[in-house]
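Follow this chain from a pair of rings out to its whole surface. Keep the structure open as you read.

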Amino acid sequence: MKHLAADLLSLPDPNSYAAMGWVLVTLVGLGGAVLLFRKVFVPDPPLHKEYVTKAEYAKDWTEIKEELGRHAARRVEIYNEQKAQGEKLARLEVASARQTAD
């Protein structure tokens, strides 16, 4: 029994790969323990930090609706510009066809 205790308590050479491996395993274990401690014992944020009030929600919703309205108006403008350019292009093609026919 004395030899078993002596073998279990004997440490490897500090410069060996086994000693460095045990140091690495110990550091990873301590890091995991710290993360677990923080997850279990650090309090969750208060409710006013997690949820929005009705006033904030209404303000954000009106801003979003206004922004969507601006985007819709801009899309209509772009569509009208494309339509006008298409008409100009069609007139140019007709004029070009007339010149080549003459």
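F37 and F41 sit four residues apart in helix α2 (residues 17-41), about one turn of the helix. Helices here are DSSP runs of H or I, at least four residues long, and strands are runs of E, at least two, numbered from the N terminus. This is a predicted model: local features need pLDDT of at least 70, side-chain atom pairs count only at pLDDT 80 or more, and totals for chains, interfaces and linings use all residues. Residues are numbered from 1 along each chain as its sequence is written, and side-chain values use heavy atoms, leaving out hydrogens and water.

How many aromatic pairs does a search of the whole structure find? It finds one. F37 and F41 form that pair, which is tilted, at 4.9 Å centre to centre with 40 degrees between the planes. Rings of Phe, Tyr and Trp (its six-membered ring) pair if their centres lie within 6.5 Å; planes under 30 degrees apart are stacked, over 60 edge-to-face, the rest tilted. Both F37 and F41 are exposed. Exposed means over 50% relative accessible area, buried under 20%, and partly exposed in between (1.4 Å probe, protein chains only).

Now turn to helix α4 (residues 54-101), where Y57 is found. Y57 counts as exposed because its relative accessibility is 53%.

Last, the whole chain. Its secondary structure comes to four helices and zero strands, in the pattern α-α-α-α along the sequence. Buried residues make up 1% of the 102 residues.
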